[in-house]
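Hi,

Here is the structure I promised to send over.

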Amino acid sequence: MIAFSMILPSIILLGIFVYGFIVITAQTSMTDSTATQRLSRLPANFVGVQNYNDLFSGPLDTRFRIDIVNTVFFTGLFITVCLGLGMLLAVLLDQKIRNESLFRTIFLFPMALSFVVTGVVWKWLFNPSSGINYLPTVIGLPPAQFRWFISEERILEFNWQDLPTILAVIALSIAAMFTLWFAVKRRSRAAIYGFMLVMILSFLVFSGVTASLNALPNPETHGFNLALIAVVVAAGWQMSGYTMAMYLAGLRGVSEELREAARVDGASEIGVYRHVVFPLLAPITLSAIIILGHISLKIFDLVYVMGGGDNLRIDMPGLNMFFETFRGQNFGRGAAIAMVMLLLVAVVIVPYLVNSFRSEAKRS
Amino acid sequence: MTVTAAAQSTPPRRLTNRLWSRVLVYALLIFFAVLFLLPVYMVIMTSFKGTAEVNISTMWQLPQTFSIDAWRTAYERLAPGLSNSFLLVIPATVISAILGSLNGYVLSKWKFPGANIIFPLMLFGMFIPYQAILIPLVQFMSSIKLFNTLPGLILVHVVYGLPITTLIFRNYYAEVPNELLEAGSIDGAGFFGLYWKIVLPISLPGFVVVIIWQFTQIWNEFLFAVTVAQNTPMVTVALQNLSGSQIVQWNVQMAASFLAAIPTLIVYVLLGRYFIRGLLAGSVKG
């Protein structure tokens with residue numbers, strides 16, 4: 001009883017500050033609450049899902065859709081860079097290196113910095129008319145021309161109105177792949193379900209149902225803004241050490257006897273990694289993807305410093321929410337953006353937490 | 001037969017292969033180390049240049065004349081932020097570490113119904129995008145007259161630091177054998193007695209991890225600082241203000257970045273081992 005009463009204040013505080021506040025934000029997101037309304041102390045009008053509708057298909061809310069597309073491309077690239085570089089550095093450091101701790105310190109020190117510091121420093125380095133573009137001139141080469149975070153280039157362009165169809169086609173190809181795989185593995189029931197899903201999705205795509213789902217009146221082009229590469233480089237510089245540390249901890253957990261056994265069986269040094277070490281690191285990769293993914297979905301400071309809210313090429317939902325709420329005073333709209341962010345993060349984090357604690361409960 | 005033949009012919013080739021792979025490993029490590037340190041070189045070099053020398057064509061060259069003007073200006077601009085941040089980070093870190101220790105002790109050693117549900121629910125609080133609580137938070141802080149004050153920001157950091165500090169201490173105390181506590185409870189020690197006499201004396205490493213982690217996080221934090229305490233700017237906000245205004249020279253910006261990073265860098269270099277532990281604890285199972 002005393003034990004419970006000692007933890008009770010923390011539970012109550014978090015209950016209010018996390019869950020209570022989320023409920024209030026959810027309520028606000030369904031109203032047209034603004035500064036005028038709050039100052040006049042009138043209750044805000046309930047508008048249902050109007051704010052959400054506007055964000056995804058309101059002709060004037062292009063910015064939010066840019067943010068979502070930016071987030072998707074940024075997250076994919078950022079996770080790839082961190083996992084690849086982190087794994088490479090960890091494997092290199094695992095080779096019984098002299099001065100290992102010195103190298104580890106160098107690769108991990110950016111983690112101790114603020115995203116604000118990282119942003120300021122890389123803004124200087126990415127200055128298109130100086131910075132790393134002029135690094136080649138040190139050895140007599142012509143300067144590079146890429147304009148980094150103010151680049152206007154965009155690839156993989158698509159029309160927002162086509163998004164339902166694009167998503168359906170992606171889902172269709174994934175389902176088809178799995179169906180084929182199940183069929184090859186002779187898991188007939190799974191294959192039949194997969195086949196049905198493929199049929200339904202193809203029907204939706206080819207009958208034009210998905211194409212009719214676009215609610216946006218006019219075509220709107222989105223795509224992968226190459227300016228995001230600058231943010232990926234800065235964020236990757238800061239966070240790769242984190243994946244390196246995770247992998248290194250995992251590598252240290254692979255016993256020398258296990259590796260020796262594989263070598264005795266005739267595995268080459270690369271074979272030991274491929275067949276013994278990497279499979280054991282798979283759970284770490286999953287954790288890293290989830291942690292990095294949720295960081296990139298909420299990223300704010302770095303793009304605030306590098307973009308300042310004006311550079312839509314590298315804009316993110318977190319930044320949009322901040323300006324909508326605290327500069328534009330549109331609380332309803334800001335709350336709706338925040339709820340979308342929360343939903344995206346929850347989709348990643350909740351299964352992870354549930355899974356962590358289910359396996360922990362099993363162990364004990 | 002074939003096996004022995006292969007074994008006889010391989011040693012010299014193996015040796016050169018091994019040598020080459022060692023060279024490759026070190027070459028790659030040094031290459032990446034240089035890459036990671038390139039921004040640091042740039043920051044330090046630019047910060048010691050005079051204003052006239054900060055020129056795009058000579059960006060990568062060493063300063064011709066050694067000037068500390070940029071550092072002086074940066075310090076003047078950043079000093080209020082630095083002191084505000086210290087006033088924030090010390091109490092916030094200490095309070096959240098103490099609460100985390102108590103919570104971790106309860107959750108690891110005292111079973112009560114619902115603990116398996118309450119703890120993950122608490123943990124969820126450290127993953128949420130804080131934008132999702134920002135609007136009610138600002139309202140709430142104004143209603144209790146703590147908006148735009150240092151105590152207000154301390155409260156915010158203590159509350160949202162609870163999940164991670166609780167998690168680190170819970171995992172730390174889970175390693176403490178229960179027999180140790182059982183022996184103590186036979187001697188008649190209660191909840192606080194056990195905590196005070198047995199748990200707390202062996203908690204030092206746990207406290208080091210938590211304090212370093214919270215210190216770094218709170219020092220580097222920006223979103224709460226820029227919304228809940230605009231009038232008492234923290235170091236990150238001061239740095240952003242300085243960098244956001246177009247008139248401030250790059251040498252000043254670089255010196256200011258370095259100044260803002262010094263406290264956490266010192267902690268990291270001296271106690272890196274504990275920093276990594278906090279880092280890995282963040283991935284829940286650690």
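Below is what I found in it.

Bear in mind that this is a predicted model, where local features need pLDDT of at least 70, side-chain atom pairs count only at pLDDT 80 or more, and totals for chains, interfaces and linings use all residues. Side-chain values use heavy atoms, without hydrogens and water, residues are numbered from 1 along each chain as its sequence is written, and chains are lettered from A in the order in which they are written.

Chain A first. There are 14 helices and two strands in it (DSSP runs: H or I of at least four residues for helices, E of at least two for strands, numbered from the N terminus). Of its 364 residues, 51% count as buried (under 20% relative accessible area, with exposed over 50% and partly exposed in between; 1.4 Å probe, protein chains only). A:F178 sits in helix α7 (residues 163-184) of chain A and is partly exposed, at 45% relative accessible area.

Now the core. The largest nonpolar one has 206 residues (buried Ala, Val, Leu, Ile, Met, Phe, Trp, Tyr and Cys joined through side-chain atoms within 4.5 Å). Helix α11 (residues 250-281) of chain B gives the largest share of this core, 17 residues. Among the residues with the most contacts inside the core are A:F107 and B:Y160. Leaving aside neighbours within four places in sequence, B:Y160 is in contact (heavy atoms within 4.5 Å) with residues including A:F17, A:F21 and B:L137.

Finally, helix α3 (residues 115-124) of chain B has seven of its ten residues buried, so it is largely enclosed by the rest of the structure. B:F119 and B:P120 are among them.

Cheers
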